[in-house]
Amino acid sequence: MEAEEGLRLGRSVTELRETFRSGRTRGVAWRKSQLRAILKLIDDHEDAIFEALHQDLGKHPVEVYRDEIGVVKKSATNSLSCVEKWMAPKKQDKYGGGEVGGEFTHSTQVMTLALDPLMGAISAGNTVVVKPSELAPACSSFLANTLPLYLDSKAVKVIEGGADISQQLLQQKWDKIFFTGSARVGRIVMSEAAKHLTPVTLELGGKCPIILDTLSDPSDIKVAAKRIAGGKWGPCSGQACIAIDYLLVEQKFASTMIEFLKKTISRFYGENPKNLKNLSRIVNKHQFERLRNILEDPSIAVSIIHGGSLDEKNLTIEPTILLNPPLDADIMTEEIFGPLLPIITLTNIQESIEFINSRPKPLAIYAFTKNDSFKKKILAETSSGSVAFNDTMIQFVCDTLPFGGVGQSGFGRYHGKYSFDTFSHEKAVLHRSFFLDLEPRYPPWNDFKMQFIRFAYMFDYLRIVLLLLGYKLKKIFSPGHLA
C-alpha cells in the first residue's frame, strides 16, 4: 500500500514537472487566470469555508473573514494587479520560475496558510503540490475537493493525508519547499530537503512576547488591553504562530493592566466559562490534553489569577491569565499555542530586552510604548522576524511588509512581492559585444598586467589611462623601436 502511494505521488510530481516544461505556466495570462479562479472559488464557496472552519475549530464567521477569507482575497487582488510588474525584467536581470514547489501546512489558519503561499507560487509561474494540515480535516477536504474544480489540475494538485503522506512527499525531489508549522516538524522537513539540496522556507513560530511599557493615560491603557486581548485570544484562541505568547510589564503597572484585561475578556468572550462566545476551540484532544497538563502542574496552578476553566466535551479553555509562573516550566520554555497568557513582572521595563535575548528568537515582538528612544533600543538590540509597536498581528496582513522568522522561528519570507520572490529564481543575465577585449585579462603575466588589474579593481580610471599612455610611450621610445 505504501509503495503504491509512493508511485502515485511520483506520477503526480512527474505530471507537474512536464506541465512546467511545456511552458504553459510561464505566461502572464495563465498566472492571472489562476489568481482570478482563486477569487471566484472564495466568492462561490464563502459559506462552505465558514462551515469548514466552524467544524474544525469552532471559528465565528467574522473571525473567519478577518483572518482567512479577507486576507486571501486581498492578497489575490494585490497579486493580480502587480504580477506583470513583478515579472518584468529589471535592467540587468530577469526572473525565472522555480518549476515544482511543495507547500506543506501544519497549522490552524488553514485557508490563509494554504492559499497565500499558493498564490505566490502561481504568480511566479510554478506548478505546485499543496498538502493541507491534517489537523483541520474539514478544511483539508474542502481544499482537496474544490481547488481542482477551479485551478489548472495539471499544474496545481492537492494531496491529503497525515504524517505518512507528508513523509512520502518529502522523499520526492522538489525545486522549493514551503512549510508552515512547528519547529519539530520543520527540522524533519529541512533534513529531508537537504538530501536533494532543495531550498526551503520555514514559517514556524515560537514565543512571541509583548513588551508593555507603563502607560499613564486610561484611554491608552484601554486600547492596549483590547489589542493585547485580540492578539492573544482572538487568533483561533491563541493557536496561531503570531499570537502573543507572554507579556512583560513593570511590577508597578501589572495590576492595572491585569484589571483592564479581565474587563476586556469579559466584554469579548462573556463571563460564563461554560458558555464562552466568540472563542475558537482547541484544535484536537491531544492539544487540549497538552494544555490541561500545563494548567494542572501544581507550580503553574498557583499562578493562575484569572480563568483556568476547561470544557473537555467542547474542547474549550477559558481565557487564562497567569502571574509570574516559574521561568523554567514548560509554559515559559515551549510555545504555548493556546489561550494561556503568562505575565512576567520586571523592576524596569528596560530589562525586557535582556529577557527576550536570553531565549530563542521569536517570530514577532509586540511593544506598547510611547518612548521613541526605547523603540530604537528594541529595534537595535533584539532579533525577531518582525516588530510591531502599539498593536498586534496587523503586520501579517500588510502586503508591503515581508513576513517570516529568524533562527528557531523560521527563515525565508513571503506576502505580496516577497511571495513572488520566494518562489522565483532571480537569474543574472549579462550581454557583451566582441569589441574591446582587454589583453591584461590573459597570460603571459607581467608587471604591467598586474598594475592594470590592480587599478581596474579600484575603479581608478585615471591611473589606467596613465598606465596605458606610459606603456605606449615606453614602446615608442624603447631602444629596439628607435633602432
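Predicted model: local features only at pLDDT ≥ 70, side-chain atom pairs only at ≥ 80, totals over all residues.
Colleague: What makes the pairing of the Lys-131 and Glu-134 side chains a polar contact?
Modeller: The distance between them is 3.1 Å. A polar contact is a pair of N or O atoms within 3.5 Å; within protein, one must be able to donate a hydrogen and the other to accept it, and residues adjacent in sequence count only if both atoms are side-chain atoms.

Modeller: Residues are numbered from 1 along each chain as its sequence is written, and side-chain values use heavy atoms, leaving out hydrogens and water.

Colleague: Why is Lys-131 called buried?
Modeller: Buried means under 20% relative accessible area, exposed over 50%, and partly exposed in between (1.4 Å probe, protein chains only). Lys-131 has 1%, so buried it is.

Colleague: Where does Lys-131 sit?
Modeller: In strand 3, residues 127-131. Strands here are DSSP runs (E, at least two residues) and helices likewise (H or I, at least four), numbered from the N terminus.

Colleague: Which residues does the "active site" annotation cover?
Modeller: Glu-203 and Cys-241, according to an unreviewed UniProt entry. Their sequence spread is 39 residues, yet they cluster in space, with a largest C-alpha distance of 8.4 Å. Of this set, Cys-241 is in the lining of the largest cavity. Careful, though: UniProt positions follow the numbering used here, feature names are shortened, and annotations may be inferred rather than shown by experiment.

Colleague: What makes something a cavity, and what is a lining residue?
Modeller: On a 1 Å grid over the protein atoms alone, a cavity is a set of points where a 1.4 Å probe fits but cannot get out; lining residues have an atom within 4 Å of a point.

Colleague: How do you know whether Glu-203 is buried or exposed?
Modeller: Its relative accessible area is 2%, so Glu-203 counts as buried. Glu-203 belongs to strand 6, residues 200-203. Setting aside residues up to four places away in sequence, its contacts (heavy atoms within 4.5 Å) include Phe-178, Arg-413 and Tyr-414.

Colleague: And why is Cys-241 called buried?
Modeller: Because its relative accessibility is 7%. Cys-241 is in the loop between helix 9 (218-232) and strand 8 (244-250).

Terms used: 1 Å grid on protein atoms, 1.4 Å probe; cavity = no way out; pocket = protein on both sides within 12 Å on 5 of 7 lines; lining within 4 Å.
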